[in-house]
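Good morning, everyone. Please look at the model on the screen, and we will walk through some helix packing and then a pocket.

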Amino acid sequence: MNANKLIFKEGILNLIALFTAMCLNFLGILVITKTFSVEDVGLFNAIINATAILSTITVIGINNIFIRVIPGINRDKESEASDLFIYQITKNILVSAICILLIYAFKPFFVNILIKNQLIGTYFYVIPLYIVNTGLQQILGSYLRAWYKTSAQSFIVNTLLKSGNFFLILICLRFRLTVINYIHYYLYLLIAINLVLFYVIAKNRYIKPIKIRNVLKKYLNRNKFIEQDVYGLIMSVSAIASVLAAYADRILVNWFTDNSQLAVYNTAVLIGGTIAIFGNSLAMIGHPLMGKYIGDNNITELDNVYKFTQKWSLIATLPVAVVIVIYSKALLSLLGTARGGEGSVYASGAVVLSIVVIGQLINVGTGMCGGIISFSKHYKMDLYTQIILAVLSITLNAALIPAYGMAGAAVASSSSLAIYNIVKVIYVKIKFGILPFDTGIIKVLAGTVFSVVLTLALNQVIDLDGFYLIAEAGLAVLASYAIVLIAGLSKSDIVKLKQLIVRK
């Protein structure tokens, strides 16, 4: 197996899927802010944020187990993977049932404090359904990724989901439907996406006919069950800490302010977070490969994947990041002008958007060090660092939001993420002796400096308004890509690209 070729092929397909999803997501944000009031947008964001945290609990590390174990299973041993799949899904169902009971037991907390909107009390049943379907989506998607079907998972979970969501928003705009209608329709869309994922898994014969009773008997009487489930439990706690760190800013912004401020902040964070799609497109195939090479103790190939994915992630990310920062206020000014002139409200998140992009750049720049740690024997370190990150993020957000508002939340979260990633890079260097970058990265950064100058010039010279601004920003992105690629690619990189693209 040529790892670089697989990474490049799957990475390009994932990038197409994720880039399409990014465009649809931005258009969706444009339309949703014109369809619903800022309060309604905040309500939907609050539900999604709560769902993201609670669904991580129901997953209980199953996605990590799949990616760590299944890449080592040959195609003639799918029955072993099927046993593992059914057993883990059974665990997910049991934990989800317990989670739903607890959610209803603490319903006042969710309605009055976490969601902060009495309207959702009447339709509270949608929250458990969101949690179950979001968690199941993670599990099914990870199972496909573990079989190296990353592009299939990416097109379904990203492109298809975002396309369906954009279509739903247009329907709501056309027929003047309420946000509650949209919340229900989006739930149906999540269910449909899960059915598609399961269909693809079944079509590729990654599930064999088995008896659940035999599967449970098999796993309950094996030492491997204990090892896998302990690993999954540790990774689950780590994932919960990670999602708490990731959503602490949004939860606390809503806590200290209201749904309106959350809508502005969450919108800026969503747009800024889109630049991570380039690194994610490579991580989808990079992580399963890392799991395999770590299991084989092949440090040479692990180092190759580490450096290859990091360099291309930065090359793909930097031009878009530059344009978003420079055009941050102008892009956000396009939002929400349909009802009550709310465009200026969203434009107030420009500082947040810029800070979030810088934080994501540091995240991309440190490579896939987290994957190396979580899929190796040092996986407990991932737990420790995630807990430290969660505590740091929550503490800084709680301290800065009351004083500095949304900007304080962005600084708190981005600085916590930067510290976390730098610590992981150092740890991987100590334990494995590898770093995610080499001297060639200097040329990439030099090209980025020139792209900043060009983008600033375009912004001053062209200076379009309205939707023409999107075309202007797109032109700036293309020009920046040309500069970064010319500056960053060496002769050996060009030769490798030709070998990967052209079959000989």
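Start with α8 and α9: their crossing is right-handed. Right-handed means the near helix is turned clockwise from the far one by less than a right angle, and left-handed means anticlockwise. Helices here are DSSP runs (H or I, at least four residues), numbered from the N terminus.

A word on the source. This is a predicted model: local features need pLDDT of at least 70, side-chain atom pairs count only at pLDDT 80 or more, and totals for chains, interfaces and linings use all residues. Residues are numbered from 1 along each chain as its sequence is written, and side-chain values use heavy atoms, without hydrogens and water.

Back to the pair. The axes of α8 (residues 150-175) and α9 come within 10 Å and cross at roughly 155°. Axes are lines fitted to C-alpha atoms over the stretch in contact, with angles from 0 to 180 degrees between N-to-C directions. So α8 is roughly antiparallel to α9 (over 145 degrees; under 35 is roughly parallel). Who touches whom? On α8, the contact includes Ile156, Leu160 and Gly164; on α9, it includes Tyr182, Leu189 and Val196. Contact means heavy atoms within 4.5 Å. By class, this contact has 16 nonpolar, 2 polar and no charged residues.

Next pair. How do α7 and α9 cross? Their crossing is left-handed. The axes of α7 (residues 126-146) and α9 (residues 179-203) come within 9 Å, at roughly 25°. These two helices are therefore roughly parallel. Among the contact residues are Leu129 and Tyr130 of α7, and Ile183 and His184 of α9. The classes here: 17 nonpolar, 6 polar, no charged.

The largest pocket has a volume of about 460 Å³. Of its 19 lining residues, Met22, Cys23, Phe26, Ile470 and Val477 are the closest to its centre. Helices α1 (3-35), α14 (299-326) and α21 (468-488) each supply at least two lining residues. Which helix gives the largest share of the lining? That is α1, with 7 residues.

Notes
On a 1 Å grid over the protein atoms alone, a cavity is a set of points where a 1.4 Å probe fits but cannot get out, and a pocket is an open set with protein on both sides within 12 Å along at least five of seven lines; lining residues have an atom within 4 Å of a point. Grid points are joined across faces, edges and corners, and a volume is the space filled by probe spheres set on the points. Angles under 35 degrees count as roughly parallel, over 145 as roughly antiparallel, 65 to 115 as roughly perpendicular and the rest as oblique. Ala, Val, Leu, Ile, Met, Phe, Trp, Tyr, Cys and Pro count as nonpolar, Asp, Glu, Lys and Arg as charged, and the others, Gly among them, as polar.
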